[in-house]
Amino acid sequence: MPDLVTHSLVGYLAGFRLRSRRMLLWLVAGSILPDAASVSVLFAGRLGHRLLGDVVPAWIWNGSYAFHMPIPFALLCWFLVLWVPERQRPTLLPPLLLGGWLHLGLDYLQLHVGPDPYHPFYPATSWGWEAGWFWTETSLYAVPVLAVGACGVWLWRRS
Amino acid sequence: MAPFAALLSDRFRPVVLPVLGVLLLVLWLGYGRVVDARAVTWDEVARAPEAAVGEVVVVSFGRVIEMGAEGFVLRDEGLDLAVRGTLPDLAPGRIVSVMGPLDDDGTVELREGHVHGLRRLKWLSGVLALGVVGSLVLADLGRMWREPNA
């Protein structure tokens with residue numbers, strides 16, 4: 001995954017024309033949700049494995065990466081928005097979903113050692129793919145440029 | 001828009017919520033099996049060594065703990081793995097991902113690998129983004145529940 005600041009800034013820049021501040025916030029939230037829902041569980045699993053051993057098999061922890069695929073992620077967003085007041089749900093679901101898919105699009109451009117880690121059409125097929133354009137940490141070099149752009153957008157929205 | 005709105009309404013919530021919950025659980029566990037079948041990882045080799053000799057082993061984000069003339073040793077999941085081959089900018093403490101066939105002497109012949117840089121900065125980025133965006137989202141959720149019709 002590219003770093004989360006890159007994801008947040010890309011989300012913010014992508015939503016620069018949204019008039020609603022709430023929608024913009026939820027688009028940015030969506031842009032970090034795939035990692036928050038999957039990678040955080042993976043890290044918790046690794047920590048649990050270190051502390052407790054094989055109490056929970058690794059494949060169960062690894063399965064949380066399903067929420068890093070477009071279809072399960074969409075269902076997760078739908079599940080999550082059902083916990084907010086009814087009136088807000090139609091406002092929150094589209095930006096959350098778009099932010100997340102933007103995140104996934106950016107992730108799919110990366111390069112990893114080993115088999116392709118992303119399965120864009122899961123559960124329909126487990127065919128894996130990634131574009132292989134940059135390594136996982138390379139996105140950090142783009143942060144200064146994105147931050148300047150985001151500051152510009154913030155000032156423009158305030159004016 | 002009507003079916004879309006209906007699926008988000010309180011009227012259908014008691015049905016939709018448990019169905020989605022079960023579906024998400026099935027997708028989670030199902031994906032665990034997909035990942036499991038994808039590649040042999042080093043800790044799996046350590047658990048069942050006879051099954052993995054000759055197979056291609058993948059170690060993601062292991063730490064280099066020792067350098068030698070022919071290769072290096074990395075630690076992953078608390079297990080040490082000897083790798084034959086080298087990579088640019090390799091040094092003890094660096095985080096690397098490697099892939100290659102496992103020999104019967106327990107070493108991996110390096111076919112593909114990468115030294116990951118900027119690891120601390122990437123962690124910091126994650127903590128910063130989760131902290132800032134997370135607190136803004138929590139504040140907004142609080143506002144939503146206080147004024148649901150706003």
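Begin with chain B and its contacts (heavy atoms within 4.5 Å): among those with a sequence separation of 6 or more, residues 24 or more positions apart account for 45%. The model is a predicted one, in which local features need pLDDT of at least 70 and side-chain atom pairs count only at pLDDT 80 or more, while totals for chains, interfaces and linings use all residues. Residues are numbered from 1 along each chain as its sequence is written, chains are lettered from A and ligands numbered from 1 in the order in which they are written, and side-chain values use heavy atoms, with hydrogens and water left out.

**Chain B as a whole**

Select chain B and colour by secondary structure. Along the sequence they follow the pattern α-α-β-α-α-β-β-β-β-β-β-α. The radius of gyration of chain B is 23 Å, well over the 15 Å that the globule rule gives for 150 residues, so chain B is more spread out than a compact globule. This radius is taken over C-alpha atoms, and the rule is 2.2 Å times the number of residues to the power 0.38. The C-alpha trace of chain B spans about 70 × 35 × 25 Å along its principal axes.

Switch to a surface. Chain B has an accessible surface of about 8600 Å², with 63% belonging to carbon and sulfur atoms; areas come from the Shrake-Rupley method with a 1.4 Å probe, and for residues only the protein chains shown count as cover. Of its 150 residues, 35% count as buried, where buried means under 20% relative accessible area, exposed over 50%, and partly exposed in between (1.4 Å probe, protein chains only).

Next, display the charged side chains of chain B. The 15 positive and 19 negative charges have mean positions 12 Å apart. Lys and Arg count as positive and Asp and Glu as negative, with His and the chain ends not counted; each charge is placed at NZ of Lys, CZ of Arg, CG of Asp or CD of Glu.

Select Asp76(B), which is found in strand 3 (residues 71-76). Asp76(B) is buried, with a relative accessible area of 12%. Leaving aside residues up to four places away in sequence, Asp76(B) touches Trp42(B), Val59(B), Ser60(B), Phe61(B) and Gly62(B).

Move to one of these neighbours, Phe61(B). Phe61(B) belongs to strand 2 (residues 56-67) and is partly exposed, at a relative accessible area of 28%. Inspect its backbone: phi is near 55°, a positive value in a residue other than glycine.

Select His114(B) in strand 7 (residues 112-116). His114(B) is buried, with a relative accessible area of 12%. Its contacts, not counting residues up to four places away in sequence, include Val113(A), Trp135(A) and Glu137(A) from chain A, and Leu87(B), Ile95(B), Val96(B) and Ser97(B) from chain B. A distance label from His114(B) to Asp89(B), 25 residues apart along the chain, reads 9.6 Å between C-alpha atoms.

Continue to Leu118(B), in the loop between strand 7 and helix 5. Here too phi is near 55°, positive in a residue other than glycine. Leu118(B) counts as partly exposed at 31% relative accessibility.

**Helix 5 of chain B**

Now select residues 119-146. This helix 5 has 28 residues and reaches 40 Å from its first C-alpha to its last, close to the 40 Å expected at 1.5 Å a residue; the expected span is 1.5 Å times one less than the number of residues. Among its buried residues are Lys122(B), Ala129(B), Val137(B) and Met144(B). The buried residues of the helix pack against helix 1 (4-14), helix 2 (21-52) and helix 5 (89-107) of chain A.

**Across to chain A**

Select chain A, whose elements run α-α-α-α-α-β-β-α from the N terminus. With 159 residues, a compact globule would have a radius of gyration near 15 Å; chain A has 17 Å, which agrees. In chain A, 52% of the residues count as buried. Of its contacts between residues at least 6 apart in sequence, 66% join residues at least 24 apart.

End at Pro123(A), in the loop between strand 1 (110-111) and strand 2 (134-135). The peptide bond from Tyr122(A) to Pro123(A) is cis, with omega near 15°.

Conventions. Helices (H or I, at least four residues) and strands (E, at least two) are DSSP runs, numbered from the N terminus.
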